[in-house]
Amino acid sequence: MSKNLRLCEVADVKDGEPVAAFAEGMPALAVYNVDGEIFVTDNLCTHGNAMLTDGYQDGDVIECPFHGGSFDIKTGAANAFPCQVAIVSYPVEIEDGWVCITKPEGAA
Ligand code: FES
């Protein structure tokens with residue numbers, strides 16, 4: 001059975017300033033505001049042990065703070081070397097001003 005997880009308030013996520021979020025049974029998450037639209041991905045870079053919320057958001061691109069690799073915030077796709085494996089991107093729902101994702105089936 002899936003359920004919605006509340007991550008943070010929409011008002012706390014400013015355009016260009018990704019926010020780290022945590023939810024039970026989920027990996028570390030990153031919440032982004034891109035032109036007023038909210039997106040959520042895994043926070044851990046797929047290339048190494050770096051949190052993307054420590055990196056640099058430029059529009060819909062998040063650049064890792066370690067080696068300059070980057071990802072598409074909207075899809076999770078890796079779009080700059082040395083990142084080659086996509087990060088997970090989660091469908092977002094806004095509930096009562098909160099950023100929510102649905103806990104995937106089978107997640108712990
Ligand atoms: Fe992110 Fe290397 S750890 S680009």
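Two strands count as paired if DSSP finds at least two bridges between them, and the strands are DSSP runs of E with at least two residues, numbered from the N terminus. Residues are numbered from 1 along each chain as its sequence is written. This is a predicted model, where local features need pLDDT of at least 70, side-chain atom pairs count only at pLDDT 80 or more, and totals for chains, interfaces and linings use all residues.

**View 1. Strand 2 pairs with strand 3.**
Here V19 has V31 in strand 3 as its bridge partner. Three bridges link strand 2 and strand 3 (residues 29-34), and the pairing is antiparallel. In general, strands of a sheet pair through backbone hydrogen bonds, either parallel or antiparallel.

Follow the order 2-3-4-9, with antiparallel pairing. Strand 2 (19-21) and strand 9 (89-90) sit at the edges with a single partner strand each, so one side of each has no neighbour in the sheet.

**View 2. Strands 10 and 11 form a hairpin.**
Strand 10 (residues 92-95) runs antiparallel to strand 11, and four bridges join them. One to look for: E93 has C100 in strand 11 as its bridge partner. Two residues lie between the strands of this hairpin, and D96 takes a positive phi near 55°.

**View 3. A nonpolar core gathers 23 residues.**
This is the largest nonpolar core, and L7, V31, Y32 and V40 have the most contacts inside it. Strand 1 (4-9), strand 3, strand 4 (37-42) and strand 11 (98-102) are the elements that give two or more residues to this core. Strand 3 gives the most, with four residues. Such a core is a set of buried Ala, Val, Leu, Ile, Met, Phe, Trp, Tyr and Cys residues joined through C-beta atoms within 7 Å; buried means that 20 or more other C-beta atoms lie within 10 Å of a residue's own, with C-beta atoms placed from the backbone.

**View 4. L7 and its contacts.**
Zoom in on L7 and you'll find that it touches V31, V40 and C100, among others, not counting residues up to four places away in sequence. A contact here means C-beta atoms, placed from the backbone, within 7 Å.

**View 5. The chain as a whole has eleven strands.**
There are zero helices to find. Average pLDDT (the predictor's confidence in each residue, from 0 to 100) is 94 for the chain, and 95% of the residues score at least 70. Buried residues make up 31% of the 108 residues.

Conventions:
A residue is buried if 20 or more other C-beta atoms lie within 10 Å of its own, exposed if 12 or fewer, and partly exposed in between; C-beta atoms are placed from the backbone. Two residues are in contact if their C-beta atoms, placed from the backbone, lie within 7 Å.
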